[in-house]
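Please look through the notes below with the model open beside you. Each point takes up one feature and can be checked on its own.

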Amino acid sequence: MAETTPGHERTRSRFIRLARTRFATRLTMTMERFWPRILPLLVVISLFLSISWLGLFRLMPDTARYGVVASLGLLGVASLWPLRNFRRPTPAEIDKRIERANQLAHEPVAAQSDHPAGNRDGFAEALWREHQKRMAGKLVNLRGDLPKTGVPERDPWGLRAAAALLLVIAAAFSSGPYGGSLLDAFRAHGGAEVVPPRVDAWVTPPTYTRRAPIYLTAEANRETEHFTAPHGSILALRVTGGSGTETLSYLSADDTESPIAPEGASQSEALSVDTSARRFTATLTEDGKLRLKRDGQEIEGWLFSVTPDNPPEIRFAEDPRRAVNGALELAYEIEDDYGPAEAQALFEQAYNAPDARPLYSAPDLPLTLPRRDGRTVAAKTSRDLTEHPWAGSSVKMSLRAVDDAGQEARSEAKLFTLPERTFTNPLAKALIEQRRTLALDANKKPRVLAMMDAVVTWPEETLKDLSQFLGISAARSRLETAQTDDQLRDVVDYLWEIALIIEDGDLTAAEKRLRQAQEALKNALEEGASDEEIARLMDELRSAMQEFLREFAERAQQNPNMAQQLPENSQMLNQNDLDRMLDQIEELARSGARDRAQELLSQLENMMNNLQAGRSQQGQSGNQQSEMRQQMDELGNLMRRQQELMNETFRMDQMQRGQRNGEGQEGQGQQGQQGRGNGQQPGEGQGMSPQEFADAMRGLQQGQGTLRQDLESLMKGLEGLGIRPGEGFGEAGEAMGEAEGALGEGEGEQAVGEQGRALEALRRGAQDMMNQLQQAMRGEQGGGEQGFRQSNNGRDPLGRPQATTGPDFGDSVEVPDEIDTQRARRILEAIRKRLGDALSPALEKEYLERLLDMQ
């Protein structure tokens with residue numbers, strides 16, 4: 001790239017200075033042409049402003065005011081006439097102005113933008129460029145001149161300065177108490193007031209406070225000097241009649257007075273010809289005084305104390321826990337001045353890798369709000385989150401509450417494991433674990449694929465039927481081809497469906513429909529839905545419950561063990577009881593007692609949860625028995641392996657000693673097969689060298705150590721099942737340790753003795769385990785029957801005494817009887833009839849509407 005020469009740099013600098021000079025000259029010429037033409041209009045405007053701010057229009061009669069305003073208007077229009085001759089300066093005029101100001105000969109400025117006339121050849125072009133170059137050399141130290149407007153020649157007496165001085169004085173005067181305004185020129189002031197002003201003022205508290213409006217000008221409040229209103233209340237004041245100069249302001253406690261601007265008159269007031277009404281509105285946020293003035297004098301005033309709206313408080317009443325049906329139960333307390341507007345539980349993963357890529361956000365759990373009666377702060381929420389992919393993982397949960405003013409509060413965080421659905425089928429449990437792993441971190445897709453490959457590699461050992469194999473194979477194929485997060489979420493949902501089918505078959509669909517119907521009815525009761533909506537949701541709940549009970553009965557017929565879990569004399573929840581409860585819920589909702597309806601619905605949910613929990617516990621009991629059988633089989637296998645190891649140790653010791661009598665050879669021939677089964681293949685009928693014997697004893701030592709470790713694992717497994725390992729297992733472990741040490745030292749005879757002692761101790765431990773198991777089974781049966789009878793306590797599923805235990809005096813269950821229900825219905829019908837009366841006062845209608853909205 002060629003470097004810029006000093007000559008080129010000087011030329012470029014000259015052209016930059018020339019451009020700046022042209023711009024400054026253009027502004028100068030525009031100003032000196034525009035200012036003389038706009039000055040008359042500015043003088044007329046300043047005269048209008050001065051007269052208005054000095055308050056002269058307010059003192060003039062209407063005739064004089066009309067004449068002055070008309071004269072100033074005509075002068076303003078006439079002053080626009082000179083603007084028609086205004087024109088902007090052309091580039092040629094600008095160049096001539098620069099040449100004249102700098103006394104430049106031969107037009108060097110114009111030559112920089114001119115072109116030669118006629119036909120141009122190379123010589124003419126070169127000659128013209130040389131001329132421009134020479135003329136450019138004169139463009140050094142260019143300057144512009146000042147504008148020459150010619151105003152002093154047109155106004156030799158300087159009257160324009162007088163108009164400006166008068167404007168400044170009037171602006172300062174307008175801030176005083178006698179200053180005027182720009183609207184005085186268009187406002188009539190003549191004549192006295194015909195209609196005296198009427199003032200109506202009231203304060204409307206926010207809706208969520210459930211406070212009645214305060215009428216400041218009512219007869220009952222005429223003597224009241226101090227009013228108390230909640231923060232955020234709407235102040236409204238209406239002035240009817242008067243002079244129209246009334247102003248409203250609010251004087252705060254720190255003596256800061258804030259004016260309140262008026263609004264337009266309402267439509268009904270605008271229809272009145274003789275009435276001029278103005279309305280003022282403001283929001284009360286601090287203590288102070290409301291002042292109504294006219295012509296600077298206070299005519300009305302009210303003192304206010306504003307009650308602040310404190311932020312809510314929320315805290316746990318109990319630790320989060322798992323319900324019998326797997327739902328998450330939360331007990332908490334919310335305190336607020338007027339009741340919270342909303343509350344929810346916030347979740348986050350407790351232990352998550354920094355680079356994890358979760359597929360699902362935290363569960364959305366809105367909380368049930370306590371009743372807004374000013375006394376109740378406790379509330380409970382139960383929500384089934386077992387279907388969410390986060391179920392079963394460790395989470396941190398905090399509670400969040402927001403009031404109607406937008407203020408927020410949070411509780412402390414609780415660390416716990418989110419309740420999950422209990423799966424008794426090992427295959428379904430494994431699928432759910434992999435589903436949770438994939439949902440919490442999509443980066444673990446290869447690991448989930450490897451685990452699914454392990455399941456389908458030997459389907460004859462892990463899968464019961466072909467449908468399970470096909471479902472898992474389809475899930476694996478979809479997971480392998482999934483690329484986006486949406487595709488991975490589809491795989492997660494598919495794994496949940498497969499696990500449900502493997503675990504419960506078709507019962508889960510009915511159970512899910514029942515939970516959805518219960519949740520929909522609960523939300524409708526909380527949100528104050530119409531009677532038609534409540535009736536529709538009740539029909540859906542009845543249908544869902546019938547389907548669930550039908551599926552449950554079919555499952556009970558297929559699995560007789562479910563019926564055997566209940567005692568013979570137990571009292572069951574039949575269809576009539578359920579129908580009676582559902583009818584009672586619908587009746588309470590229609591009569592307006594929706595809080596009681598919600599309580600009864602919660603009781604129904606608990607009953608259904610216990611029914612579902614009985615099925616889950618039956619499955620868990622079968623799973624526990626399966627695990628117990630597995631532990632017993634493991635103990636039998638352990639004893640068999642200890643017997644084989646003792647025989648092998650004895651055989652190896654006899655071979656080394658060289659005792660080969662007939663009985664020993666027969667025993668050797670029979671036990672040699674066992675030795676080969678354990679991987680030991682010494683030469684039959686042949687002696688062993690010391691090195692071979694040492695290697696063989698080292699192998700037996702390792703086998704004995706493995707048996708001791710397996711015994712420790714067995715003892716831990718028994719403790720997990722509630723079985724306390726007896727002293728026999730502990731003695732067996734000590735004997736196995738002694739035998740392991742003797743084998744390491746090559747003492748075969750001593751090792752055989754310790755192994756025999758270990759085998760005998762294992763037999764005693766097994767007998768003790770069986771005794772504990774039998775006692776536990778007998779205690780579980782007896783305790784379950786007794787607990788069931790105690791929980792029943794001679795009452796029906798609705799909690800009422802049965803006919804065999806005496807009459808019901810009405811104090812057992814907090815459910816209103818038929819008389820109370822009919823009375824509540826008549827009251828509601830009377831309120832609705834009164835609301836439908838067009839002649840009812842608006843204040844009465846607002847009060848009745850608040851009664852219907854009370855919960």
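1. Ground rules. This is a predicted model, in which local features need pLDDT of at least 70, side-chain atom pairs count only at pLDDT 80 or more, and totals for chains, interfaces and linings use all residues. Residues are numbered from 1 along each chain as its sequence is written, and side-chain values use heavy atoms, with hydrogens and water left out.

2. Aromatic pairs. A pair of aromatic rings is described by the distance of the centres and the angle of the planes. Here, rings of Phe, Tyr and Trp (its six-membered ring) pair if their centres lie within 6.5 Å. Planes under 30 degrees apart count as stacked, over 60 as edge-to-face, and the rest as tilted. The count by this rule is five aromatic pairs. In the pair of F48 and F186, the ring centres are 6.4 Å apart and the planes stand at 50 degrees, so this pair is tilted. F48 sits in helix α1 (residues 6-53), while F186 sits in the loop between α8 (159-174) and β1 (198-204). The two are 138 residues apart, and their pair links distant parts of the chain. Helices (H or I, at least four residues) and strands (E, at least two) are DSSP runs, numbered from the N terminus.

3. A ring cluster. Which residues do ring pairs link into a cluster? They are F48, F57 and F186. F186 counts as exposed, at 60% relative accessibility. The classes are buried (under 20% relative accessible area), exposed (over 50%) and partly exposed (in between), with a 1.4 Å probe and protein chains only.

4. A tyrosine pair. Y208 and Y338 form an edge-to-face pair, at 5.8 Å centre to centre with 65 degrees between the planes. Y208 lies in the loop between β1 and β2 (214-215), and Y338 in the loop between β13 (328-335) and β14 (340-349), so the pair ties together parts 130 residues apart in sequence. Y208 is buried, at 14% relative accessible area. Y338 is buried too, at 10%.

5. Charges over rings. The rule asks for NZ of Lys or CZ of Arg within 6 Å of the ring centre and within 35 degrees of the ring normal. R421 lies over the face of F423, 5.3 Å from the ring centre. R478 lies over the face of Y494, at 4.5 Å from the ring centre.

6. Cavities. A cavity is a set of points, on a 1 Å grid over the protein atoms alone, where a 1.4 Å probe fits but cannot get out. Its lining residues have an atom within 4 Å of a point. Two cavities of 30 Å³ or more are present.

7. The nonpolar core. Such a core is a set of buried Ala, Val, Leu, Ile, Met, Phe, Trp, Tyr and Cys residues joined through side-chain atoms within 4.5 Å. How many residues does the largest core have? It has 51 residues, and those with the most contacts inside it are L328, L330, F347, L367, M397 and L399. Among the elements that each supply at least two residues are β13, β14, β17 (394-403) and α13 (466-481). The largest share, nine residues, comes from α14.

8. Positive phi. Most residues other than glycine have a negative phi. R210 has a positive phi, near 55 degrees. R210 lies in the loop between β1 and β2 and is partly exposed, at 40% relative accessible area. D255 also has a positive phi, of about 65 degrees, although it is not a glycine. D255 is in the loop between β5 (246-252) and β6 (257-260), and is exposed at 63%.

9. D62 lies in helix α3 (residues 62-79) and is partly exposed, at 26% relative accessibility. D62 and F186 are 124 residues apart in sequence and 9.6 Å apart in space, C-alpha to C-alpha. M29, in helix α1, is buried at 5% relative accessible area.

Note on methods: On a 1 Å grid over the protein atoms alone, a cavity is a set of points where a 1.4 Å probe fits but cannot get out, and a pocket is an open set with protein on both sides within 12 Å along at least five of seven lines; lining residues have an atom within 4 Å of a point. Grid points are joined across faces, edges and corners, and a volume is the space filled by probe spheres set on the points.
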